[in-house]
Amino acid sequence: MAAQDRGSALRRFALGDSIFRAATFVAALTVLLLLSGVIISLVVGSIPAISTFGFDFLTTQSWNPVTEKFGAIAPIYGTLVTAFIAMLIGVPVSLGIAIFLTELCPHALRRPIGTAIELLAGIPSIIYGIWGLFVFAPFLQKTLQPFLIDVFGNVPGLNMVFGGPPYGIGVFTAGLILAIMVLPFITAITRDVFLTVPPVVKEAAFGLGCTTWEVIRKVVIPYTRTGIIGGVMLGLGRALGETMAITFVIGNAHRISASILAPGTTISATIANEFNEATGTLYTSSLITLGLILFVITFVVLAISRIMLMRLEKKSGT
Amino acid sequence: MKFTNLAIAAGFAAVLSVSAASAADISGAGATFPNPVYSKWAEAYKAETGNSVNYQSVGSGAGIKQIEAKTVTFGATDTPLSGAELDKFGLAQFPTVIGGIVPIVNLEGIKPGDLVLDGKTLADIFQGKITKWDDPAIVALNAGVKLPSTAIAVVHRSDGSGTSFNFTTYLSDVSADWKSGVGANSAVEWPVGIGAKGNDGIAANVSQTAGSIGYVEYAYATANTLTYTKMVNKDGKTVAPTAAAFAAAAAGADWKSQPGYGVVITNQPGAETWPMTAATFILVYKKPDDAAATAEALKFFAWGYDKGDKLAEDLIFIPIPDAIVNDIKAMWKSDILDKDGKPVYAGS
């Protein structure tokens with residue numbers, strides 16, 4: 001009797017297990033299905049543009065709805081440059097905040113600063129856009145941009161990068177806004193991974209006579225390198241795809257200018273601006289192709305970060 | 001920003017009324033330009049009749065796509081469809097209100113109406129051929145006005161827009177260079193300047209940037225107290241943007257010459273006429289699948305023609321002339337028919 005009971009109970013458990021396994025498997029499969037659905041519809045939607053323009057789509061600057069001649073190089077350039085500026089400013093500041101919060105900050109201040117960072121992450125991007133247009137851009141137009149133009153005006157090379165009239169909005173302003181927007185993401189993740197460093201390791205280093213700077217450089221950062229790169233990549237992903245805030249402050253011009261103070265555009269801003277009113281197959285298809293290109297760029301960035309992580313893990317393993 | 005608040009309030013009203021859906025509810029989508037008027041009309045119409053009109057202001061292009069896909073009862077567009085396009089889908093088209101587009105500038109010491117421009121100069125500025133405010137072409141039009149020697153910052157729409165369509169149509173009309181170089185469309189390849197999203201975006205950018213010039217629907221210029229310019233019209237007269245000047249353009253238009261009343265009324269003749277005036281249009285099926293819904297939509301627009309004039313004028317939109325309204329209503333009766341061949345709209 002008892003043996004039979006145990007047998008049926010085990011079978012019940014086995015059935016429950018297999019149902020649970022199947023359910024989670026379906027859930028996991030959904031991701032793959034969704035992703036392939038997105039890729040397929042992007043590729044199908046891009047066919048008219050790709051078959052008309054071919055490879056030239058990637059190298060042409062013209063974006064002319066009247067004559068239906070479209071090229072993606074200006075938005076691709078804008079996307080990469082604004083993301084680069086955002087990372088250039090955002091990553092060091094984020095790491096600085098995270099290090100301060102975990103290693104140096106007085107306990108009483110930790111919670112308020114931490115909460116402030118999380119609140120920054122919670123602000124919708126449209127708010128950043130409106131703030132950028134009405135407050136930040138006029139401020140830059142009157143202060144930082146004339147300063148940059150003055151300082152670099154006579155430096156060959158840099159006078160091209162910081163040239164032109166101070167519009168207030170443009171590629172540089174967009175990069176700054178993006179830097180502010182990615183800051184809370186990178187900070188929150190790096191802070192969390194810094195907290196995973198076992199105190200005993202740090203204490204040992206201090207015991208050996210290391211300074212705080214040495215402990216951070218030689219112990220904390222190497223220990224958490226993978227997590228830091230993960231945080232930076234998440235920030236970069238946001239910077240590449242950010243739409244509304246950028247649409248407000250980048251100037252939306254389909255041109256590549258030598259100056260980063262000049263107006264430009266990004267892939268997502270172009271799509272957001274023009275999709276509603278795009279008429280005709282070719283125009284719509286060109287916008288979808290832009291979406292496909294952004295997808296590929298994001299994919300490549302993620303793939304590169306994976307490879308970097310794998311290399312680092314291998315190195316630390318040997 | 002009062003203007004935006006109105007639109008938002010009306011939008012909320014529309015959302016609220018959707019939740020109390022009844023059989024008579026109809027939906028439409030399209031142009032952003034007339035959205036303030038349609039929202040106001042829908043609000044007053046709901047209060048009077050209890051019937052809701054849900055209008056999504058998603059842009060003219062999207063409005064055309066949605067009516068073609070039959071996801072809405074009516075579509076709305078600022079770019080009139082051609083006769084061939086209307087025939088292809090079996091659509092009827094009629095205008096609802098008229099608005100004006102004005103150039104706005106930000107120049108120290110220059111007040112609204114101080115500066116005068118003509119079409120050719122405007123085209124040259126937006127093409128980057130005139131780059132300084134004290135260019136001889138601008139000085140010649142403005143004897144006695146002190147113009148600075150600063151660079152002109154051009155601000156244009158970044159999103160596709162019926163306002164841009166009418167603006168570039170006007171520039172194509174007055175400048176051969178513009179016509180061959182840039183052309184007319186709801187989105188064009190702007191030779192110079194920065195792009196701003198929506199009428200609000202242009203208003204914001206111009207009010208912040210010294211030495212800038214842009215173009216907006218007239219109501220946005222007054223709501224944001226921006227410096228609009230006067231224009232030299234087709235008859236060579238200098239006119240200010242006023243309701244009377246917009247109405248003069250509408251009166252001079254040859255509405256019946258185009259299929260679906262699809263006239264573009266920029267650069268119309270007449271001494272009083274404002275040169276950048278534009279009508280906005282509604283699209284419905286001539287043989288609708290859901291005749292009852294289309295009948296409700298027509299009832300709503302008939303109400304707008306008969307009782308919505310004051311509401312439109314408050315927002316500085318001009319009603320369609322009565323003679324044309326009568327013609328449109330006759331067209332509804334003869335062209336928009338149910339399955340039995342009877343007119344779907346029975347009103348007068």
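Student: Which residues make the nonpolar surface patch of about 500 Å²?

Tutor: In this predicted model, that patch is made by Leu35(A), Ile39(A), Ile40(A), Val43(A), Val44(A) and Ile47(A). Patches are made of residues with over 30% relative accessible area and no salt bridge, where nonpolar side chains (Val, Leu, Ile, Met, Phe, Trp, Tyr) are joined within 5 Å and like charges within 9 Å. Accessible areas come from the Shrake-Rupley method with a 1.4 Å probe, and for residues only the protein chains shown count as cover.

Student: And where does Ile40(A) sit, and is Ile40(A) buried or exposed?

Tutor: Ile40(A) is placed in helix H1 (residues 2–53) of chain A, and with 54% relative accessibility it counts as exposed. Buried means under 20% relative accessible area, exposed over 50%, and partly exposed in between, with a 1.4 Å probe and protein chains only. Helices (H or I, at least four residues) and strands (E, at least two) are DSSP runs, numbered from the N terminus.

Student: How are the residues and chains labelled, and what counts in a predicted model?

Tutor: Residues are numbered from 1 along each chain as its sequence is written, while chains are lettered from A and ligands numbered from 1 in the order in which they are written. Local features need pLDDT of at least 70 and side-chain atom pairs count only at pLDDT 80 or more, whereas totals for chains, interfaces and linings use all residues, and side-chain values use heavy atoms, with hydrogens and water left out.

Student: Okay, going inside now: which residues touch the most other members of the largest nonpolar core?

Tutor: That core has 164 residues, and those touching the most other members are Phe94(B), Leu122(B), Phe126(B), Ile213(B), Trp255(B) and Trp332(B). Helix H7 (residues 171–194) of chain A gives the most to this core, with twelve residues. A nonpolar core is a set of buried Ala, Val, Leu, Ile, Met, Phe, Trp, Tyr and Cys residues joined through side-chain atoms within 4.5 Å.

Student: What does Trp332(B) touch?

Tutor: Leaving out residues up to four places away in sequence, Trp332(B) touches Phe94(B), Leu298(B), Phe301(B), Ala302(B), Tyr305(B) and Tyr345(B), where contact means heavy atoms within 4.5 Å. There is also a second, separate core of nine residues, which includes Ala29(B), Ile64(B), Leu81(B) and Tyr285(B).

Student: New topic: how many salt bridges are there over all chains?

Tutor: The count comes to 13, a salt bridge being a side-chain nitrogen of Lys or Arg within 4 Å of a carboxyl oxygen of Asp or Glu. In one of them, Glu118(A) pairs with Arg191(A), with the closest N and O atoms 3.0 Å apart. This pair links distant parts of the chain, since Glu118(A) is in helix H3 (residues 107–122) of chain A and Arg191(A) is in helix H7 of chain A, 73 residues apart.

Student: Are those two buried or partly exposed?

Tutor: Glu118(A) counts as partly exposed at 44% relative accessibility, whereas Arg191(A) counts as buried at 17%.

Student: How far apart in helix H5 are Lys120(B) and Asp124(B)?

Tutor: They are four residues apart in helix H5 (residues 119–126) of chain B, so about one helical turn separates them, and their side chains meet in a salt bridge (2.9 Å, N to O).
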